[in-house]
Amino acid sequence: MSNANRSVLICHGTGCVSLESPDIKEAIEKEISNLGIMDVQVKATGCHGFCQRGPIVVIEPEGIFYSEVKVKDAAEIVSSHLQNNEPVERLFYRDPVTDEPIPYYRDIIFYKNQRRIILRNCGHIDPEEIEDYLDIDGYQALRKVLLEMTPEQVIEEIKSSGLRGRGGAGFPTGLKWEFCYKASGNEKYMICNADEGDPGAFMDRSILEADPHSLLEGLVIAGYAIGANTGYIYVRAEYPLAVNRIHIALVQAEERGFLGKNILGTDFSFEVNIMEGAGAFVCGEETGLMASIEGRSGRPRPRPPYPANSGLWENPTTINNVKTLVTVPVIISKGADWYSAIGTEKSKGTAVFALTGHIANCGLVEVAMGTTLREIIYEIGGGIPNGKAFKAVQTGGPSGGCLPASFLDHPVDYESLAAAGSIMGSGGMVVMDEDTCMVDIARYFLDFTQRESCGKCTPCRLGTKRMLEILERITKGEGKEGDVELLIDMAATIKDSSLCALGQTAPNPVLTTIEFFRDEYDAHIRDKTCPARSCKALFGYQIDLEACKGCGLCKKNCPQDAISGERKEPHTIDPDRCIKCGVCFDVCPFGAVVKA
Amino acid sequence: MEKRLETIFSSHEGRQGELIPILQQVQEKFGYLSQKAMFEIAEFTGAPESQVYSVATFYTQFRFTPIGKNHIMVCRGTACHVKGAPIILEELEKQLGIKEGEVTPDMKFSLETVACIGACGLAPNMVINRRTYGHLTKQRVSEIISDLRSKEEEIKNEQC
């Protein structure tokens, strides 16, 4: 343990690392040693969930929050703040609405209105140091479970907490454990599903990178409850940093006796294997995931038998999402009553969302179940930037739906989102402004699902492809009357006749955009226009003769020589030569190039 | 058998459950899965070659042709898409003179799109040789590529 009074916490999540936070750490350490400051320790932490404003540097105990820090700022942070106690105001986070500088972590609206249970340790501890986790009572829940509770009592506690699976489907976790506990079989398996495949969701990655020991603790407790001695963490290979941190945590936990043989001196032994996913979205489905661990193509199979009775290598198996398992130690420590007091009647606890897209504060948001979309988007998220209007919010990734402004006051929980035609999913929440074309969004998601369809069920394999072709035609201005009806018809068939959730939910983005934004489909099909000016085939570029100053920048940059005009005279674009590359639109300093 | 393959096989028993990790390690070492490597993997695991191919072609991670020295992966996650990933891809294709899935004739650059890399807060993103580049614009893409090109030139000059 260090005797330091103050800590400099430097985020080392994927986002901040890509913005050179390791170099910032090195520069700060160098400066501290140059100035001979003794009472400060410098720590690398995991993700704070506010990657957009990264790299993030936090000074504790005062809780000063610096955002968008650069290597060249290191010297000033050390000399001004650490040596002379004068925080560097120009590095404070600025409120996107008022532009006020906000010095303290706790006052930033993005964090202030969150309730962090799953993300409780993210950004506050060094994920590569087990000591940091032990200092905040890490592995105490495991100790309590192994020394004071029977598996039945653990299952009972989780059941009465009301915890439901955070992977998307929301199945009660305690019940899932009980099925597996009661299943006959000597060999049982406990799997953590960290194959976060939804495009636009990154909370599991952040947790693995920032708090791997909480996950391991939850996994061992779950293993004890169901009677398994072997665990697997199935994690995406696209997350190299997360994979690395989990490996480090495994070694440390084993050294301390929290994993391996006779854990904490009891009869219970548990080993954990890490399996890297090889890039198949469908492996997020539990039977597909198990096939992948077995070394086969990750194609889902019919259920029953359910994994609780016949899972990995036909043995009883439980599969839980990262967020579910990370919640388990807190429930054990604080009790089921504490947990079940948070959230709504049917959806207990908190939900984590990856709030992204056209939003001022983009990042990881954890709120109590039942919080409204408006609170998440406009309060925590700070609203839509650049003076644009809100158009839609997409939840649940490729399996979810797009909801319009009329749903903003709906609470967020499993039941409400399902009733609206979307799903909770694993927590992607993509906000879209007025410039987003909803037909293109439907096309985008279907392009994703048809690529990821495993090919087993014909309606999913061929149906999504045919639907995609129709959507592609519509976005190119070649839509026909009856296309929308055909899409709805095919969607129903695919939903009804696909084996797994991928096919059953693949049409959701199409169906919800048709339901809520039908006028956009009609505009594409009947008027051959894209109201959002997003589909390239359906708009052209023009020069506003009033606004054009004749600077010639567009003419100089046009790769097609499609722009003509004398210097200081308004220019014009020849539509026959224009390839709509948008260079003129990007370079015009007067906003004179317009989409029409 | 190639020494590097032997080294990888020596840490495995050849069980079916090890197939995907073996494929991953071989690709990591060689950059892709050659016909010869696939044959050796089938021999080692005792599985028919058809089965090894069936598994390997199911997963998008595996590739069967060599990649360029600088391997560019453009994220096509939702956040990147709504923030202009298609424009970034178009710019890269223009700069490099190749399409998605292709390699430049000098083998210096290859380009592919990948499912979400989970750095949505920095959208739009790309990864080059394991490094993530966020907050991309056409301008930034052009700078990054010309930086990489001049690095390649330097290496070439040093070798001369």
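## A:Phe407 and its ring partner

In this predicted model, A:Phe407 is buried, with a relative accessible area of 14%. Its ring and that of A:Phe516 have centres 5.1 Å apart and planes at 70 degrees, so the two form an edge-to-face pair. Because A:Phe407 lies in the loop between strand S14 (401-404) and helix H16 (414-419) of chain A, whereas A:Phe516 belongs to helix H21 (residues 508-516) of chain A, the pair ties together parts that are 109 residues apart in sequence.

## Other aromatic pairs

A:Tyr444 and A:Phe445 also form an edge-to-face pair, at 5.1 Å centre to centre and with 70 degrees between the planes. A:Tyr444 is buried at a relative accessible area of 5%, and A:Phe445 is likewise buried, at 1%. Over all chains the structure holds 27 aromatic pairs, and ring pairs link A:Phe50, A:Phe65, A:Tyr93, A:Tyr105, A:Phe110 and A:Tyr111 into a cluster.

## The interface of chains A and B

The contact draws 53 residues from chain A and 36 residues from chain B, and the area buried between these chains is about 3,400 Å², with carbon and sulfur atoms giving 55% of that area. On the side of chain A, A:Ser18, A:Ala278 and A:Tyr444 lose the most area to chain B, together accounting for 16% of what that side buries.

Three salt bridges are found across the interface, one of them between B:Arg131 and A:Glu20, whose closest N and O atoms are 3.9 Å apart, and 18 residue pairs are in polar contact. H17(A) gives the most to the side of chain A that touches chain B, with seven residues, and the residues of that side divide into 24 nonpolar, 16 polar and 13 charged.

Notes
Residues numbered from 1 in each chain as written. Chains lettered and ligands numbered in written order. Predicted model: local features only at pLDDT ≥ 70, side-chain atom pairs only at ≥ 80, totals over all residues. Heavy atoms only, no water. Contact = heavy atoms within 4.5 Å. Buried area = accessible area lost by both parts, 1.4 Å probe. Salt bridge = Lys/Arg side-chain N within 4 Å of Asp/Glu carboxyl O. Polar contact = N/O pair within 3.5 Å; in protein donor to acceptor, adjacent residues only side chain to side chain. Helix = DSSP H or I, 4+ residues; strand = E, 2+ residues; numbered from the N terminus. Nonpolar A, V, L, I, M, F, W, Y, C, P; charged D, E, K, R; others polar. Phe/Tyr/Trp six-rings, centres within 6.5 Å; stacked < 30°, edge-to-face > 60°. Buried < 20%, exposed > 50% of the residue type's maximum accessible area, 1.4 Å probe, protein only.
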